[in-house]
Amino acid sequence: MPPPDVRARLRKADGLTQDEVAEVFGVTRVAFHRWETGQAKPRRRHLEAYVRLLSGWAAKHPEAAKPLEPTQQAG
């Protein structure tokens, strides 16, 4: 699974909000936010689907899939 900053960039590159993705998974926005920030890991039934979604976004948006250089990260 990509690092949290990459997960958020991939979702945003696809033009989706946390609310929209959470609704598809049938979880709250807060739960999805925790997945995206690495504060929690999705349960098994959601984990494989989330990884597939992230992989698809990475293939579709390769620039968003690259980790930021230390100088590019918000400080």
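A residue is called buried when its relative accessible area is under 20%, exposed when over 50%, and partly exposed in between (1.4 Å probe, protein chains only). Tyr-50, at 0% relative accessibility, therefore counts as buried. The model is predicted, so local features need pLDDT of at least 70 and side-chain atom pairs count only at pLDDT 80 or more, while totals for chains, interfaces and linings use all residues. Residues are numbered from 1 along each chain as its sequence is written, and side-chain values use heavy atoms, leaving out hydrogens and water.

**Aromatic pairs**

- The structure holds 5 aromatic pairs; rings of Phe, Tyr and Trp (its six-membered ring) pair if their centres lie within 6.5 Å, with planes under 30 degrees apart counted as stacked, over 60 as edge-to-face and the rest as tilted.
- Phe-25 and Tyr-50 form an edge-to-face pair, because their ring centres are 6.1 Å apart and their planes stand at 85°.
- This pair links distant parts of the chain, 25 residues apart: Phe-25 is in helix α2 (residues 18-25) and Tyr-50 in helix α4 (residues 44-60).
- Helices (H or I, at least four residues) are DSSP runs, numbered from the N terminus.
- Phe-32 and Tyr-50 are also edge-to-face, because their centres lie 5.7 Å apart and their planes at 80°.
- Ring pairs link Phe-25, Phe-32, Trp-35 and Tyr-50 into a cluster.

**Nonpolar core**

- The largest nonpolar core has 12 residues, among them Phe-25, Phe-32, Trp-35 and Tyr-50; such a core is a set of buried Ala, Val, Leu, Ile, Met, Phe, Trp, Tyr and Cys residues joined through side-chain atoms within 4.5 Å.
- Helices α1 (4-13), α2, α3 and α4 each supply at least two residues of this core.
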